[in-house]
Amino acid sequence: MTQTATYTEQQFIQDVKEVFASTPDAHSQAHRIAQHMQRMLAVPDWPESSIRAQGGGEPGSYILHKDKEQGHPAPGFVLLAYINEPRKPTDIQAPHDHGAAFVVYGIASGGTIQTRYRWEYSENLEEQPSLKAWQEIDQAPGMAAYFLPGEIHNTQRRTDQPTVYVRLTSQDLGEIWRHRYDPRTFSAHGFKSPDGPQQ
Ligand SMILES: [Fe+2]
């Protein structure tokens, strides 16, 4: 049996806790947690086995772990698993950030297109800045992708099959303010959402 095959969710959580305990640097934490998450995603039937263990299986979100001791910038990281129906072609998600937290997404089946945005400013202060998409990632099963504090992104799930994925946030997003951005007007609206799909 390979080392990957023996990796368990319990070990993954422990590795994440050790990352948080080892440094206060979110840049380093997110990168290292993404490596551990990819190792976890290589284990067949994860996170589906964990979802089934709590009686789940229907589309929705499932709490795999809420931590009281570790996180960034304060204790409280959260690991959720999701089963999402295929995205409707008309269903466009807005760009958003994750406040002071970072997020690591991992795809188990299905897939998403992750788009990164940045603000573009004119030198003329009479013009408001606009959001420009600058990177697209085709996130396939087995891949982790992370977004650092303040980063703006959006996700488009596949339209032809369900997507099963996990999301580790360095804080409980039900408790911190972040923003959603109108892709046409670039207006920013604060919100809190503990478990919205890929938000
Ligand atoms: Fe997000």
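Reply:
**Around Valine 104**

Leaving aside residues up to four places away in sequence, valine 104 touches Ala30, Ile33, Ala34, Met37, Ala144, Tyr146 and Leu168. Here, contact means that the C-beta atoms of two residues, placed from the backbone, lie within 7 Å. Please keep in mind that this is a predicted model: local features need pLDDT of at least 70, side-chain atom pairs count only at pLDDT 80 or more, and totals for chains, interfaces and linings use all residues. Residues are numbered from 1 along each chain as its sequence is written.

Now for the wider setting. Val103, Val104 and Leu168 have the most contacts inside the largest nonpolar core, which has 34 residues. Such a core is a set of buried Ala, Val, Leu, Ile, Met, Phe, Trp, Tyr and Cys residues joined through C-beta atoms within 7 Å; buried means that 20 or more other C-beta atoms lie within 10 Å of a residue's own. Among the elements that each supply at least two residues of this core are H2, H3 and strand S3 (103-109). Helices (H or I, at least four residues) and strands (E, at least two) are DSSP runs, numbered from the N terminus.

Let's follow the two helices. Helix H2 (residues 9-22) packs against helix H3 (residues 26-41) at an angle of about 170 degrees, their axes 10 Å apart. Axes are lines fitted to C-alpha atoms over the stretch in contact, and angles run from 0 to 180 degrees between N-to-C directions. H2 and H3 are therefore roughly antiparallel to each other, a label for angles over 145 degrees. Where they meet, H2 brings residues including Phe12 and Val16, and H3 brings residues including Ile33 and Met40.

Note on methods:
Parallel < 35°, antiparallel > 145°, perpendicular 65-115°, else oblique. Buried ≥ 20, exposed ≤ 12 C-beta atoms within 10 Å, placed from the backbone.
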